[in-house]
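I opened my notebook to look up a few things in a protein that is new to me. Here is what I jotted down, entry by entry.

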Amino acid sequence: YDMAGATAIVIASDGLWDVLGDADARLLVSRGITEGVPERAAGLLVDEALRRGSTDNITCLAIFLSTAPLRTAEPPSSWAGCEFFSL
């Protein structure tokens, strides 16, 4: 999936935002994209919040919006059960 030029929206609980700033989140989401695993973006954010010692509950959702059409190739097996919609 081509994530170049995609916009990411991160929705998360205060357990994440108490220890991560916007710039931190942007960096971690970008890392997930450049490493070719955008589906891990939310997990990277939660892992980092835990590493930084967050003591509150942590919930995180990363949403990617792109005008690029979805490729017809099979998605990675880690995306099993996900539904994809093109607007």
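**Contacts along the chain.** I began with contacts (heavy atoms within 4.5 Å). Taking those between residues at least 6 apart in sequence, I found that 70% join residues at least 24 apart.

**Ground rules.** I noted that this is a predicted model, where local features need pLDDT of at least 70, side-chain atom pairs count only at pLDDT 80 or more, and totals for chains, interfaces and linings use all residues. Residues are numbered from 1 along each chain as its sequence is written, and side-chain values use heavy atoms, with hydrogens and water left out.

**Layout.** Which elements does the protein have, and in what pattern along the sequence? I counted three helices and two strands, and they follow the pattern β-α-α-α-β. Helices (H or I, at least four residues) and strands (E, at least two) are DSSP runs, numbered from the N terminus.

**Surface.** Of the 87 residues, 23% are buried. I wrote down the classes too: buried is under 20% relative accessible area, exposed is over 50%, and partly exposed is in between (1.4 Å probe, protein chains only).

**Salt bridges.** How many salt bridges does a search of the whole structure find? The search gives four, each being a side-chain nitrogen of Lys or Arg within 4 Å of a carboxyl oxygen of Asp or Glu.

I looked at Asp47 and Arg40 to start with, whose side chains meet at 3.3 Å, N to O. Asp47 is partly exposed because its relative accessibility is 43%. Arg40 falls in the partly exposed class as well, at 37%.

Then I turned to Glu48, which forms a salt bridge with Arg51, the closest N and O atoms being 2.6 Å apart. Both residues sit in helix α3 (residues 41–51), three residues apart, about one turn of the helix. Is Glu48 buried or exposed? Its relative accessible area is 13%, so Glu48 is buried. Arg51 has 62% and is therefore exposed.

Glu48 also meets Arg52 in a salt bridge, at 2.8 Å from N to O. Arg52 is partly exposed, with 37% relative accessibility. I saw that Asp24, Glu48, Arg51 and Arg52 are linked in a network of salt bridges.

I looked up the second largest pocket, which holds about 200 Å³ of space. The elements giving two or more residues to its lining are β1 (7–12) and α2 (22–34). The largest share, six residues, comes from α2. Among the lining residues are Ala6, Val10, Trp17, Ala25, Arg26 and Phe64. By kind, the lining divides into eight nonpolar, two polar and two charged residues.

For the terms, I noted that on a 1 Å grid over the protein atoms alone, a cavity is a set of points where a 1.4 Å probe fits but cannot get out, while a pocket is an open set with protein on both sides within 12 Å along at least five of seven lines; lining residues have an atom within 4 Å of a point. Grid points are joined across faces, edges and corners, and a volume is the space filled by probe spheres set on the points. Ala, Val, Leu, Ile, Met, Phe, Trp, Tyr, Cys and Pro count as nonpolar, Asp, Glu, Lys and Arg as charged, and the others, Gly among them, as polar.

**Ala25.** With a relative accessible area of 5%, Ala25 is buried. Leaving aside residues up to four places away in sequence, Ala25 touches Trp17 and Leu45. Its C-alpha is 9.4 Å from that of Ala42, 17 residues apart along the chain.

**Two loop residues.** Ser13 lies in the loop between β1 and α1 (14–17), and at 16% relative accessibility it is buried. Which residues does Ser13 touch, not counting those up to four places away in sequence? I found Asn57, Ile58 and Thr59.

Thr55 lies in the loop between α3 and β2 (60–65). At 82% relative accessibility, Thr55 is exposed. Thr55 and Val19 are 36 residues apart in sequence, with their C-alpha atoms 9.6 Å apart in space.
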